[in-house]
Amino acid sequence: MTTALLRPRPTWLPLATRIALVVSVVSLFSVAAPVTSVHYAVAVPLSLLVSAVLAVSIGIAPFVPRTAAAVHLVGLVALGLLTAPVETSPWPIPVTGIIGLSVLLVVLGVRSTWRLTAIVWAVATVLPLLLVAVTPGRWDQPAVWATSFVVSAGDTLLVAAAAVVIGQRRSIRQELVAARRDAELEQARRRTVEERSRIARELHDVVAHSMSVVHMQAESAPYRVADLPQEARAEFAAIAETSRTALREMRQLLGTLRGDTAAERAPQPDLTDLPALVQATRAAGIPVELDIDVADDVDRLAQLTVYRVVQEALGNVARHAPGASTVVTVRRLDTRLRVEVANTPPPAGTVPAAPPDDGGFGLAGMRERVTALDGTIDHGPVADGGFTVVVTLPVRVPAAGGGSR
């Protein structure tokens, strides 16, 4: 049963249903108007008007079911009153009225709730009795009105019941499809959480452990190595500080991957951290100059992006042009923030050290960060053999709540 309900519906079915409804409405009007006018001797304008009301109310039932039902019932009352003078024909609901009411109940049962369908059927069943009551001369003609009453009540009851069953099946199908979609989304969310947890475990077991070892060795080197020159002690201190910073950011990243909200709210690097980053790069043997002139009214996300861009650019200098003079410039230009990291060629005879990894993602990562903020990035070698990275970002003034606008 469930499998059958979840089977994909044919793509042509909605269009076919609309066409069938339009054909039914047009056919009902085309038949009801002349029958009402000729057989019941109703004036042509009135027969056209009542037939149009009954037909149009069926056409709009899928969109405004309550309004359509009310209009159709009013039309049935008008039809009964107009056809009352003819005492030899089916009355109070003519055959065309029974057919139209049946079509309306089908539309309501399939497209609306069963309660509305039941209410419309009950009202339509009581209406003939009310019409007979307001025309006392009809009480003594049960062959005229009783037959019409029984036929209309029984026929429309069967039609309404069948339509409600179809409508309930359609509703159940939609609920099952929605439940399956929610289950699939939940499974995808759980797989994402599991994958993030796995990545966090790998980072903790491999990268964080290795950085801890580097930090421990850099801290203990001055005590383990005798007569260590002061320059080497400073070098080891810089390595220890850099590894501590890397470990702190690694732990924050691990907390974010595991869904730790405290880690997500932890302070991120900003423009005030650039001097420390430059100082650490100088300690690694790269002469770096920092020229920054930016006010404090820059949103935190832009500041973080600037920090990461400069960090990656200086890392590229250390890997590919060790010892090259580098200038980092951060400027506020009206509504834009401009960041430039330019390095000269490395000193003659300098051989770049083997990178610790294959690399290849640094510039791509910078481009993704900058593009996410609707910024631009340009990078490439210059004529003298150096390399330049230029980034521009739109300036968003922080809002009172800590966001940006």
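Visitor: Why is A41 called exposed?

Guide: Welcome! This is a predicted model. A41 has 64% relative accessibility, and the word exposed applies over 50%, so A41 counts as exposed.

Visitor: Where does A41 lie?

Guide: A41 sits in the loop that runs between α2 (13-38) and α3 (44-59).

Visitor: What is the phi of A41?

Guide: Phi of A41 is near 55°. That is a positive value, and A41 is a residue other than glycine.

Visitor: Which strands does the loop with D334 lie between?

Guide: The loop holding D334 lies between β2 (326-333) and β3 (336-343). D334 is not a glycine either, yet its phi is positive, at about 55°.

Visitor: How many helices and strands are there in the protein chain?

Guide: The protein chain has 12 helices and 5 strands.

Visitor: What share of the residues of the protein chain counts as buried?

Guide: The chain has 405 residues, and 35% of them count as buried. To be called buried, a residue must have under 20% relative accessible area.

Visitor: What share of the accessible surface belongs to carbon and sulfur atoms?

Guide: Carbon and sulfur atoms hold 64% of the accessible surface of the protein chain, which comes to about 23100 Å².

Visitor: And what share of contacts joins residues at least 24 apart?

Guide: Among contacts between residues at least 6 apart in sequence, 67% join residues at least 24 apart.

Technical notes
Residues are numbered from 1 along each chain as its sequence is written. This is a predicted model: local features need pLDDT of at least 70, side-chain atom pairs count only at pLDDT 80 or more; totals for chains, interfaces and linings use all residues. Side-chain values use heavy atoms; hydrogens and water are left out. Helices (H or I, at least four residues) and strands (E, at least two) are DSSP runs, numbered from the N terminus. Buried means under 20% relative accessible area, exposed over 50%, partly exposed in between (1.4 Å probe, protein chains only). Contact means heavy atoms within 4.5 Å. Accessible areas come from the Shrake-Rupley method with a 1.4 Å probe; for residues, only the protein chains shown count as cover.
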